[in-house]
2 protein chains.
Amino acid sequence: MGGVLVIWLLLFAGAVELSLGISHEIHLLRPQLGSSGHHVPGLSCLSWRLGVEAHNIIEWSTVPQACESYVGHYMLGHQYRKDSRAVVYEALTYAQSLKLAVDGKDIWVFDVDETSPSNLPYYAKHGFRVEAYNSTQFNNWVYEGKAPALPESLKLYKKLLSLGIKAVFITGRPEAQRNVTAANLRNVGYHTWEKLILKGSSAGTIVVYKSNERKKLKKSGYRIIDNIGDQWSDILGTNTENRTFKLSNPMYYIS
Amino acid sequence: MGGVLVIWLLLFAGAVELSLGISHEIHLLRPQLGSSGHHVPGLSCLSWRLGVEAHNIIEWSTVPQACESYVGHYMLGHQYRKDSRAVVYEALTYAQSLKLAVDGKDIWVFDVDETSPSNLPYYAKHGFRVEAYNSTQFNNWVYEGKAPALPESLKLYKKLLSLGIKAVFITGRPEAQRNVTAANLRNVGYHTWEKLILKGSSAGTIVVYKSNERKKLKKSGYRIIDNIGDQWSDILGTNTENRTFKLSNPMYYIS
């Protein structure tokens, strides 16, 4: 292995298998000072991740190489799930505090990738995006339609439905992926929605695209109760309404 | 001590003494299962702090009691300083990437408390805001004028000045504290500024007050390069311009 110590993280693989429905996967995390790990002096991966989540660190293209192992352990370990749970707890507490009209016009906007279904099984095999984005490989994964639900988001989705709030999915996935996306969502528990909005040929950033779609929803008479996403571009921009919720994602940044 | 195990964290006290100029202080952190610590099932203090920094958890009044020890160790330990360093690194990288006119009209807006000077010596004695805010006690501390500089912010301040960017401080402190605030800033290394703006009798939230003050600055011909603060209310609102930077503060929330 050329001096590279390969660590088979059976423990982590097992934890993910239980909770995100991945089977027959052995996740390979390269050691911090192995092939991935030229040392970056002074870089605290924890500070980097906090900087990403607090929107201090923006427009980055790949995870710092020295943080591959850190990000991998975070995503496959307990803390990512605890962090997701804390976000969903806040979101649900907020939703339950509202006086809703229950007239079918209250909607909650969900992002898709890394919010509703999770592509973690894919990213676990591709260095948690320490590797540059490969659209062919990623689209092959998408067309398999096997992305598991992020359990915390699915819980939120179900509880919102029980409150009479409808789900609208707005995703940067292209229109060509409508069928596989719909099937994947249904297969993992997101059985119904008011709209599933995919990105057509519209130019511009995700912030602009999503802002425009929210504007259209409001013009159609919907009331946006809230937005949840793993990217700042899911929740910045206009027509976001009162509250927004940001799930963790230290793997990639979309502007 | 009534069954409460008191821990004298000499190590942490020493670390703060070195870096934040606090002497003759012994910081007392209560153990998580002692007087402060009824156990809150399922609460991850790390997730709580992340939720605060990512603006998922808002309008909270005090640190959860179970997180007093966690927040105390964070604030007095290395991670708070590493996190501050990472924010300042990003801010400085951004500032250095700009083509500046160097005509004296480029300004950088700094918040005061927990951004430029730090009241950590005060909060370390008051349970890191697991206790409710006591304005009399806090104002007594302010009038002592002894808040040390947050070293990372002072470094940013100095480098910005060397780039030809001027500092404007906008603070929620009242006008009555102008002299002591100015003296405190100067004493710890913030020797000069274009404006020091304190909150007069204007009603409304800090978001509105700071947005209005930024608007006035722009009308006066200044170009706001950036904002830095430890509260979301320092950087949300209008006229924030291109980038904003959020320093950590898990001790209190100001809307």
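These notes cover the interface of chain B and chain A and the aromatic pairs in a predicted model.

1. Extent of the interface. On the side of chain B, 24 residues are in contact with 24 residues of chain A. The area buried between the two chains is about 1900 Å², and carbon and sulfur atoms give 58% of that area. In chain B, the residues that lose the most area to chain A are S47(B), L50(B) and N56(B), which together make up 30% of what that side buries.

2. Polar terms. The count of salt bridges between chain B and chain A is 0. The rule does find 12 residue pairs in polar contact across this interface, with both residues at pLDDT 80 or more.

3. Elements on the chain B side. At least two residues each come from α2 (45-53), α4 (78-97) and β7 (243-246) of chain B. Of the elements, α4(B) gives the most, with 6 residues. By class, the side of chain B that touches chain A has 10 nonpolar, 7 polar and 7 charged residues.

4. Aromatic pairs in chain A. Over all chains, the structure holds 35 aromatic pairs. One of them is Y122(A) with F138(A): the ring centres are 5.3 Å apart and the planes stand at 75°, so the pair is edge-to-face. Y122(A) lies in helix α5 and F138(A) in helix α6 of chain A, 16 residues apart. Both residues are buried. Ring pairs also link Y122(A), Y123(A), Y133(A), F138(A), W141(A) and Y252(A) into a cluster.

5. An aromatic pair in chain B. The rings of Y123(B) and Y252(B) have centres 5.6 Å apart and planes at 40°, so this pair is tilted. Y123(B) sits in helix α5 and Y252(B) in the segment after β7 of chain B, so the pair ties together parts 129 residues apart in sequence. Y123(B) and Y252(B) are both buried.

Technical notes. Residues numbered from 1 in each chain as written. Chains lettered and ligands numbered in written order. Predicted model: local features only at pLDDT ≥ 70, side-chain atom pairs only at ≥ 80, totals over all residues. Heavy atoms only, no water. Contact = heavy atoms within 4.5 Å. Buried area = accessible area lost by both parts, 1.4 Å probe. Salt bridge = Lys/Arg side-chain N within 4 Å of Asp/Glu carboxyl O. Polar contact = N/O pair within 3.5 Å; in protein donor to acceptor, adjacent residues only side chain to side chain. Helix = DSSP H or I, 4+ residues; strand = E, 2+ residues; numbered from the N terminus. Nonpolar A, V, L, I, M, F, W, Y, C, P; charged D, E, K, R; others polar. Phe/Tyr/Trp six-rings, centres within 6.5 Å; stacked < 30°, edge-to-face > 60°. Buried < 20%, exposed > 50% of the residue type's maximum accessible area, 1.4 Å probe, protein only.
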